[in-house]
Amino acid sequence: MATVAQDPARFRRIAIPAVTVGVALLLWELTVRMGVVPNFLLPAPTQVVMASVADAPLLATHAGTTIVESVLGLAIGVAVGFVAAVLMDRYETVYLALDPLITVSQTIPTVAIAPLLVLWFGYGLAPKIILIVLTTFFPVAVSLVSGFRAVDPDMIDLMRTMGASDLQIFLQVKVPGALEQFFSGLRISATYAIVGAVISEWLGGFSGLGVYMTRVRKSFAYDRMFAVIVLISVLSLALMKLVDLQERACMPWKHEERK
Amino acid sequence: MPASVAQKPEGGAPPALEARNLTLSWDEGAHVVVRDFSLVADAGETVCLVGRSGCGKTTILHALSGLTRPLEGTVLLRGEDITGRPGRVSYMLQKDLLLPSKRIIDNVSLPLVIGGMKRTEARAKAAPLFERFGLAGTEQMWPSQLSGGMRQRAAFLRTYLMGNEVVLLDEPFSALDAITRVDLRSWYCEMAHGLRLASVVITHDVDEAVSMADRIYVLHGSPSEGVPTTVAGEIAVPRTAALASAEVDDFSLTPEYIYCKREVLELLG
């Protein structure tokens with residue numbers, strides 16, 4: 001593998017966005033320092049960093065809650081999405097029955113149903129998990145169904161001439177064939193998971209980044225609020241990166257072919 | 001080998017594959033595609049089905065493989081009725097259909113795994129055959145790392161490992177470039193003959209049919225215009241005799257080759 005320095009194209013791919021971010025941060029810092037925007041409305045990046053450091057133990061506790069909710073919700077969402085996709089692929093009736101419902105369920109805004117979930121299930125873990133499951137199962141189910149359906153019908157015929165059972169066709173052909181689509185769905189679900197957790201925490205709860213965010217907003221501590229926002233982004237990115245690493249591990253043929 | 005159920009009362013063992021009076025349709029009989037199709041292929045023999053595109057050649061192979069059930073007629077494997085029962089004859093398509101998610105060794109040994117063999121055992125059984133199929137050194141590669149010709153060789157090995165005496169081939173060489181096609185074709189004929197396989201090959205290329213086949217079934221008809229396809233004629237290719245009497249060692253340079261080709265073309269109409 002070529003290092004960054006040896007590969008000009010790769011260098012540009014990293015350097016150019018890095019410069020963009022650097023310039024944006026610098027402009028932001030200057031805008032605040034020169035008093036263009038009042039400091040109590042907009043903290044400077046350096047202040048945000050300092051707030052993060054000062055709040056680190058507290059942020060970590062709250063982040064822990066959010067991570068547990070997200071990962072648990074995502075895991076259940078993926079499992080539900082997988083089961084739904086398998087049933088929809090296997091039985092045309094299930095597909096016809098569920099397809100419109102699933103699509104409609106996605107047009108309901110998360111922010112609108114979150115208060116209802118709190119009303120029904122209280123301030124504990126349940127409403128958060130339910131909200132995350134509702135938002136994350138959809139990308140997984142849809143991408144898996146289209147992945148299963150994209151399998152070459154000739155391949156299925158060939159498997160049948162080998163005497164393969166439906167289960168063997170599913171495990172040997174359909175599942176590996178749908179992996180790529182599955183992971184692109186999972187990547188989207190991973191970002192939904194963190195955001196879903198934070199939104200449901202806004203509306204009620206005892207800990208979590210959303211709860212903490214509501215508190216610091218009420219006390220006008222905007223530097224801390226920005227620190228939370230940055231942390232949420234970082235968590236989302238980390239979760240996406242985790243999905244990417246998992247994809248690489250699950251699909252070695254995709255990354256080895258260019259050797 | 002499964003025990004053959006019905007021995008013919010007179011004459012030796014029943015042929016490896018026999019199709020009797022098949023009538024085939026798309027859409028459950030509303031539209032007859034092939035009428036009264038019969039065929040015999042014995043061990044060590046290659047028979048070709050030649051016909052224009054859309055005449056129902058693939059429909060015939062589907063019926064022979066058991067993937068579809070004919071409206072009428074039976075398919076016999078060594079005398080045993082296998083009509084509409086897939087899994088008893090090997091089938092290979094124009095596309096190599098290698099699974100991108102499996103290394104070559106696992107792709108070719110897939111039929112063994114499907115048959116219930118452990119993966120390590122299946123690999124051990126497939127590995128010694130790589131040399132013979134011209135695939136040495138590709139065991140651990142992914143299909144995407146192989147050329148079209150090599151992928152097709154892997155598909156041949158997988159077909160062979162299905163372990164059946166009868167092999168159905170649907171235009172197996174047509175996706176390859178001209179040189180690879182000729183090489184692979186003569187390699188296949190030699191190997192199939194050596195392994196005593198009964199091959200049924202579909203092609204629309206008359207030259208391919210005459211150079212490969214021991215017997216050619218010429219199909220005629222256009223189902224899309226309401227004329228069901230039937231066998232217009234059956235031609236035996238006198239390859240051995242032609243080569244014995246000729247001074248050349250290339251069958252395609254003999255007068256018999258030209259004669260066969262002309263006959264096929266006339267029957268095609």
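A disulfide is a pair of cysteine sulfur atoms within 2.5 Å. A search of the whole structure, over all chains, finds zero of them. The model is predicted: local features need pLDDT of at least 70, side-chain atom pairs count only at pLDDT 80 or more, and totals for chains, interfaces and linings use all residues. Residues are numbered from 1 along each chain as its sequence is written, chains are lettered from A in the order in which they are written, and side-chain values use heavy atoms, without hydrogens or water.

Select C55(B). The nearest cysteine sulfur belongs to C48(B), 13 Å away. C55(B) is buried, at a relative accessible area of 2% (buried is under 20%, exposed over 50%, partly exposed in between, with a 1.4 Å probe and protein chains only).

**Aromatic rings.** Over all chains there are 14 aromatic pairs. Rings of Phe, Tyr and Trp (its six-membered ring) pair if their centres lie within 6.5 Å; planes under 30 degrees apart count as stacked, over 60 as edge-to-face and the rest as tilted. Select F182(A) and F183(A): the ring centres are 5.2 Å apart and the planes stand at 70°, so this pair is edge-to-face. Both F182(A) and F183(A) are buried.

F220(A) is exposed at 61% relative accessibility, while Y222(A) is partly exposed at 23%.

In chain B, select F133(B), F156(B), Y160(B), F173(B), W187(B) and Y188(B), which form one aromatic cluster. (A charge sits over a ring if NZ of Lys or CZ of Arg is within 6 Å of the ring centre and within 35 degrees of the ring normal.) In chain A, the charged end of R149(A) sits over the ring of Y95(A), 3.9 Å from its centre.

**Interface.** Show both chains. The contact (heavy atoms within 4.5 Å) takes 25 residues from chain B and 20 residues from chain A. The buried area, which is the accessible area (1.4 Å probe) lost on putting the two parts together, summed over both, is about 2,100 Å², with 64% from carbon and sulfur atoms. Select L67(B), I114(B) and W142(B): they supply 27% of the area chain B buries against chain A, more than any other three residues.

Finish at K95(B) and D152(A), whose side chains meet in a salt bridge at 2.9 Å, N to O. The count between the chains is two salt bridges (a side-chain nitrogen of Lys or Arg within 4 Å of a carboxyl oxygen of Asp or Glu).
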